[in-house]
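Here are a few friendly notes to read alongside the model. Take them one at a time, and find each residue in the viewer as you go.

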Amino acid sequence: MFDPAAASPFLLSGGHPGWLGLAYRDHGPDWVELVLPWREELMGDDVRRVIASGPIFSMLDMAGGMAIWAHAQRFVPVATLDMRVDYQRPAGERADVIGRCECYRTTRSAAFVRGIAHDGDPDDPVATMAAVYMTIGGAPKND
Amino acid sequence: MTDEAHPDLLSHYARSLGIEVSGFEDNVPVLRVSGIDAIEGRPDHFHGGATSGLMETAAYAALRMALSERGEEAQLKPINITVQFLAAAKKAPLFAKARITKLGRRSANVTVEAWQEDRERPRASAVMNVMIQRDAKA
């Protein structure tokens with residue numbers, strides 16, 4: 001059994017997720033929500049005090065992986081194969097950004113994920129993502 | 001230092017992640033990030049987000065160089081990015097260089113490759129569309 005809430009301190013405290021300051025927010029049977037807190041080091045340019053696109057990509061990648069584990073109900077090693085992010089608008093000034101990803105389909109070797117990033121209103125996203133992850137050495141689910 | 005001659009090539013985010021300008025090839029910046037903890041995903045490997053952050057930064061840097069060569073000032077905004085993760089990047093220096101496939105009036109299309117010891121076997125590639133706002137100052 002994979003519990004995103006319980007696993008988050010371990011998954012998000014070190015390395016790149018830790019450097020970004022990613023934190024767990026919420027989850028469901030096939031989705032996970034993380035938050036990327038605003039800070040000056042993550043700014044994309046000097047003009048607007050908004051989070052750069054790179055950290056948003058990282059958060060969505062991470063939330064996508066965790067959504068796969070939530071969907072599979074266990075941890076399986078996965079590697080992102082292909083990921084696309086459409087940046088609809090800049091995040092608000094000094095705004096934290098929330099990333100919510102859903103794993104909507106798994107096969108023997110692949111997992112399909114879609115998600116959004118927003119800064120408070122999920123109906124007005126900052127970005128949308130679509131990604132395919134490959135499982136490494138084992139199916140994510142018995143199918 | 002090459003990056004001191006072009007301080008505007010890197011964002012706050014890029015600098016704090018440890019991205020540096022490693023050199024120039026035909027006036028196109030080659031960027032580099034070391035295998036530090038801030039880039040780590042699974043143990044001893046790059047996080048995909050750090051790899052794509054480097055490639056995005058390489059795309060912006062190439063566009064900023066190209067625009068400054070033309071004597072133009074513009075604000076760059078991402079439209080979208082698609083990243084192909086081709087092989088796991090080990091916790092060691094990772095390089096990235098962009099190629100501008102189109103530099104239009106309102107948008108640019110850029111492809112990027114990231115590699116480690118063997119440039120012929122890239123770890124990741126990306127294609128990015130970038131909005132170019134030449135008049136926008138605000």
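This is a predicted model: local features need pLDDT of at least 70, side-chain atom pairs count only at pLDDT 80 or more; totals for chains, interfaces and linings use all residues.

1. How does chain B run along its sequence? The pattern reads α-α-β-β-α-β-β-β-β, which comes to 3 helices and 6 strands.

2. Next, its dimensions. The C-alpha trace of chain B spans about 45 × 30 × 30 Å along its principal axes. A compact globule with 138 residues would have a radius of gyration near 14 Å, and chain B agrees because its value is 14 Å. Look also at contacts in chain B between residues at least 6 apart in sequence: 62% of these join residues at least 24 apart.

3. Now for the interior. Nonpolar side chains tend to be buried together in soluble globular proteins. Here the largest nonpolar core has 83 residues. Which of them touch the most other members? They are L34(A), I56(A), I68(A), V85(A), M129(A) and V112(B).

4. Leaving aside neighbours within four places in sequence, V85(A) is in contact with F57(A), L60(A), A127(A), T128(A) and M129(A) in chain A, and with I79(B), N80(B) and I81(B) in chain B.

5. On to the rings: there are 5 aromatic pairs over all chains. One of them joins F2(A) and W69(A), edge-to-face, at 5.5 Å centre to centre with 75 degrees between the planes. This pair links distant parts of the chain, 67 residues apart: F2(A) lies in the segment before helix 1 (4-12) of chain A, and W69(A) in helix 3 (residues 53-72) of chain A. Are these two buried or exposed? F2(A) counts as buried because its relative accessibility, 7%, is under the 20% cut-off. W69(A), at 8%, is buried too.

6. Another aromatic pair, W19(A) with Y13(B), is tilted, with 6.2 Å centre to centre and 45 degrees between the planes. It crosses between chains, from helix 2 (residues 15-20) of chain A to helix 2 (residues 12-16) of chain B. Both W19(A) and Y13(B) are buried.

7. Back to F2(A) and W69(A): together with F75(A), they form one aromatic cluster.

8. Finally, look for charges over rings. The charged end of R39(A) sits over the ring of W19(A), 5.3 Å from its centre. Likewise, R100(A) has its charged end over the ring of W31(A), 3.6 Å from the ring's centre.

Terms used: Residues are numbered from 1 along each chain as its sequence is written. Chains are lettered from A and ligands numbered from 1 in the order in which they are written. Side-chain values use heavy atoms; hydrogens and water are left out. A nonpolar core is a set of buried Ala, Val, Leu, Ile, Met, Phe, Trp, Tyr and Cys residues joined through side-chain atoms within 4.5 Å. Buried means under 20% relative accessible area, exposed over 50%, partly exposed in between (1.4 Å probe, protein chains only). Contact means heavy atoms within 4.5 Å. Rings of Phe, Tyr and Trp (its six-membered ring) pair if their centres lie within 6.5 Å; planes under 30 degrees apart count as stacked, over 60 as edge-to-face and the rest as tilted. Helices (H or I, at least four residues) and strands (E, at least two) are DSSP runs, numbered from the N terminus. A charge sits over a ring if NZ of Lys or CZ of Arg is within 6 Å of the ring centre and within 35 degrees of the ring normal. The radius of gyration is taken over C-alpha atoms; the globule rule is 2.2 Å times the number of residues to the power 0.38.
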